[in-house]
Amino acid sequence: MQISCQHDKRNKERKIIMGVKGYIMQAQPFSVNDGEGIRTTIFMAGCPLRCKWCSNPEGFSQKPLVGWYERKCIGCGACTKVCPQGIGINMNLERDKCIGCGACVDVCPKGARSRLVTFRDADEVIAEVKKHSIFYQYSGGGVTFSGGEATAQPELLDYLTSKLYDMGYSLDIETCGYFKFESVKKSLERMDLIFMDLKHMDPDVHRQYTGVSNARTLKNIQNLNLVPADVVIRIPVIGGVNDSEENIRKSAAFVHKNLPKAKMELLPYHKFGTIKYEALGMELPSADFYRPTPEAMQKLKEIIVSEGVKIADYR
Amino acid sequence: MAVTERVEKIRQNYLNERPHISCERARIWTESFKRTEGLPQQIRTAQAFYDACNELPVNIFEGELIVGASGEYRRCGILTPEYGWKWVNDEMDNFATRPQDPYDMTDEQREFCRKEIFPYWKGKSVEDTFLARVSDETKRIGVDTGFLDTDSKWRGGIGEITPDYADQLFPKGFGGIKREAMERMSQLDETKAEDMKKMDFYKSIILVCDGIVRLANRYSEKALEMAAVEKDATRKAELEQIAKNCAAVPENPPTSFREAIQFAWFVELGGIIAENPLALNIGRFDQFMYPYYEADEKAGKIDYDTALELVECLWLKYSEWVWVISSNTAGFFAGYTNFENLTIGGTKVDGSNGINTISYMAIQATKEIKTHQPTLSCRIQPDCPPEFMEAVTSLVATGCGFPAIHSDRVGYQMLRNLGCDADDAKDWSNCGCVVPHSRKTFEWTSSCNISFTAALEFALNEGKSRLTGKLVALPEKDPKTFTSYEEIKQAYFRQFSYMVKHGVISLITAQEINQEKAPRPFLSACNEYCVKNGADLVDGGAKYNIGPVFTGCGLAVTANCFAVIKKLVFEDKVTTMSELIDALNANWEGFDELRAKVQAVPKYGNDIDYVDSIAKELADYYYHDVTSYTDYYGHHFTTAFMGISNYLPTGKVLGATPDGRKATEPITEGVSPYTGSDTSTCLAALRSSAKMGHDIHAGGTLLNLRLNHDLVATERGRANLGAMLQSYFAMGGFHVQFNTVSNETLKDAQAHPENYKDLLVRVAGYSTQFVNLSKSMQDSIMARNAHEEF
């Protein structure tokens, strides 16, 4: 008995030394729009941008986060009984007190509390990814890193990509492009496909809507010449922000000139993220943003093609 | 991709005409039997068949290229009082108004039946005999209960058979089969008792061969008569062609694609006249039809479009015939569905790719004319060509629920497990909804519906029905006094075994009666080995005789219930057996908080081992218990997790259950998750289902999933669906079928049925017109979970 106890203890210690942990939003199986085949998308928290239309606002911060879905709540108060911080049913009134431990999530009978960001063991995430291996094999799929922002936790990304690369999985990443290239270069070299966002060509407008200038993103687009992966430059087309023909034309010209191997993909704005803003008690995105019409999207695609860049479509 | 004007006209008629009962077949059969008192049952049956072929009304309807109907109406169902008449007598006054599968019938017809037909069969029919022979105890649990039902095996014809086109019918024709019977009969010795029985059999074969040929020839004469007075030159030529076809087949082997199609319909029609069968399957249509198409096409006698029109005419014929069933049975098999299963795709016996032009033509026909028959099934091999997968998944994307998609390899393995030779196992085709089958087999493939959830109800309610309070199973202790999970599980197993036992008793009795009363000379003539062996199907003449198949339902619900009891009562101790039983007796009224906790317990279908392992344990117990029995012929019983639509009627008779389900709500079909409880991705549902170990349940396993239509709207999406299917099959899954129609469409169809007459939806293992389903069935289809994350 004693021996096995010691053995367990040693293992535990080893894990603390060896184990890598990080802030994960979720590992979403059966993702089919972010790369080839059937994929698991690992959403990693901590985005440095604050895009005003963002559909995953829980990904802004690198800290454990719990959401409250008022519509599912029956007001039974089970959550209040287990909360170590003594927070009430409407946790958004006392959000600053919440430590995101998730005790309330485990006891909620209606699923009205949900872990939106968890501090998790990377090996645990890998185990989840592995479960669906057979679907990757048959579909040519694999794993996509997304966010939040996948590059915001470089060590975690390095650990996950190196492990999964050695297991032979196809790896893709979806990033805002705002990162220090050297900090993630090794991870990017393991990728088959890189999706990088280009939100606006005008640095001031970019800053106005995302909180940062586009300089670093533009530089990183050029840097992608240094890694072997295929690249798709994605523009989330937000009606009223970046959907002008001029902006799209400039974006395509930039890509054509600086990263000739890249294709481009246009993703029309959607409002699916609204419910998460409510769950976090955050102010909703501006109602002025709108979804461009299919005709407008078609026109923008034609502009890109006319600038010599191919269109990618993962729908 | 536009259907011809002719096909569209026939199709519109099929969609708009209400099925009508014809009494002609029953009249002729009864009169024939009155004339043959004293003769062997084998001969009497064959003589009645001949008389029906000789006397049934012969009509060629407008625009038809393929001819033959079971009665005077175009959309027509027949009665088979020799199997069962009581239920007809009890129910026919409401045929036109019943909620599921109504039929039209006139007052004169009803009066005629009550006066001239039913009295003769009183005490003689299979149904009468069965009810006279089984004990009250068996009836208490197993007759019209919804807990355990076997009535499709003693109230109507058996069906569940696949005529052998490849080795028997097409190479020989009924003329050849008759000659073979005469030849073999001439070798027999009249002075030997065993040969006497064989002689009767061969005489019956000769009679049925003469009968079906006579029927075809009458159509030939009718076509000539009509041609003589036809003014339109095109139609006149068509009628002359019909006359030629019907003079040639099915007496002789077909010499063209056109003749082969007409031949196939006469075989189906013969089977219908013989016994109004469930699941009279067509088999591997693309395999046995292709040589005729290939030869004609090479010779310049036919092109793709002409062949397609003929195939579509055949599809409409399969759909116009209506399988007449009791309202109880209609609850289980809703939507006028007769399960004429037709298989395409897969590998040939030598292992090479068997997919050909006819495979694609079959898919196109179903896509274009949206008939509910044939029940289109496909076999998918590991290296299925991407173009065929695209054809299959794009049919799925239309939302019609077809085809049922099966693993080529698992089907093979199931037949091997049942003892078929490798070559025959490789040539498997589908029977009914999801039963892997060989055309050389006699088997009752859907003979006993057994409700897992009922066994649990009895375990938790002292052997009584919770709704009626009556004792129907084994007495059991007060459920509030159970002290461990294991104790409850053992109580469940006791009740379940009790049900299995009475299912076995019912089926052995039904087999004995079928052998005495219901020989099947026509369908025996379609089986190479019956003719070779000189023995009817009911006398074991087929090459393979496989024990009757039990169909388990409620697997997911029952596993979910056990998970609740295990976790909440005995592990977490957040409730007690006492409170739980009170909640069930109160139908969960006033127990909202407990019900919420119950609903949060892991549910089957989400790849959670905690509950999936319980489902596996229940499935394994079922397998071992059922297969430990042998049938009337000495063969082991078989298990399946099929669907049909039995999750509705089996749910209606049950009280509330520990998983939070309320009284009378549906349970679950096949290995599918409970409606709406598979909240993860459909990958998780597939993984949960694959854990059940499909190949041992050789009567077939069924998984239904709903996919949001967007997921299969693009070629890329469909390729991923194909990959998902191959993954499921690689994990050992046997069958999966999808509904992809949006709920918005279905809601609109419910409100405006007149606009959606041809909207097909998958029910369970088969598809049928949405508007032909009862409201409760429609609601339950809408409630199935749609997986949207694709």
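How far apart do the C-alpha centres of domain 1 of chain A and domain 2 of chain A lie? They lie 31 Å apart, in a chain that is divided into domain 1 (19-60 + 119-306) and domain 2 (70-111), with bounds that come from an automatic or database domain assignment. The model is predicted, so that local features need pLDDT of at least 70 and side-chain atom pairs count only at pLDDT 80 or more, while totals for chains, interfaces and linings use all residues. Residues are numbered from 1 along each chain as its sequence is written, and chains are lettered from A and ligands numbered from 1 in the order in which they are written.

Confidence in chain A is given by pLDDT, the predictor's confidence in each residue, from 0 to 100. The mean pLDDT of chain A is 91, and 94% of its residues reach 70 or more. Within chain A, confidence is highest in strand S6 (residues 170-175), at a mean of 98, and lowest in helix H1 (residues 2-18), at 47; helices (H or I, at least four residues) and strands (E, at least two) are DSSP runs, numbered from the N terminus. Where pLDDT is low, the predicted coordinates should not be read in detail.

Where chain A and chain B meet, the contact takes 15 residues from chain A and 18 residues from chain B. On the side of chain B, helix H25 (592-600), helix H28 (682-690) and helix H29 (715-730) are the elements that give two or more residues, and H29(B) gives the most, with 7 residues.

Chain B itself is assigned domain 1 (1-80 + 158-275), domain 2 (132-156 + 441-701) and domain 3 (278-439 + 707-785). The C-alpha centres of domain 2 and domain 3 of chain B lie 26 Å apart, and their contact takes 40 residues from domain 2 and 41 residues from domain 3. On the side of domain 2 of chain B that touches domain 3, strand S13 (544-546), strand S15 (638-640) and H28 of chain B each supply at least two residues, with the largest share, 5 residues, coming from H28(B).

Helix H8 (residues 165-186) and helix H9 (residues 193-229) of chain B pack at an angle of about 160°, with their axes 9 Å apart; axes are lines fitted to C-alpha atoms, for helices over the stretch in contact, and angles run from 0 to 180 degrees between N-to-C directions. That angle makes H8(B) roughly antiparallel to H9(B), a description used for angles over 145 degrees, whereas those under 35 count as roughly parallel, 65 to 115 as roughly perpendicular and the rest as oblique. Among the residues that make this contact are B:Phe174 and B:Ile177 of H8(B) and B:Tyr202 and B:Ile206 of H9(B).

In the other pair, helix H19 (residues 452-459) and helix H23 (residues 555-571) of chain B pack at an angle of about 35°, with their axes 7 Å apart. Here B:Phe452, B:Thr453 and B:Leu456 in H19(B) meet B:Leu555, B:Val557, B:Thr558 and B:Cys561 in H23(B).

Technical notes: Contact = placed C-beta atoms within 7 Å.
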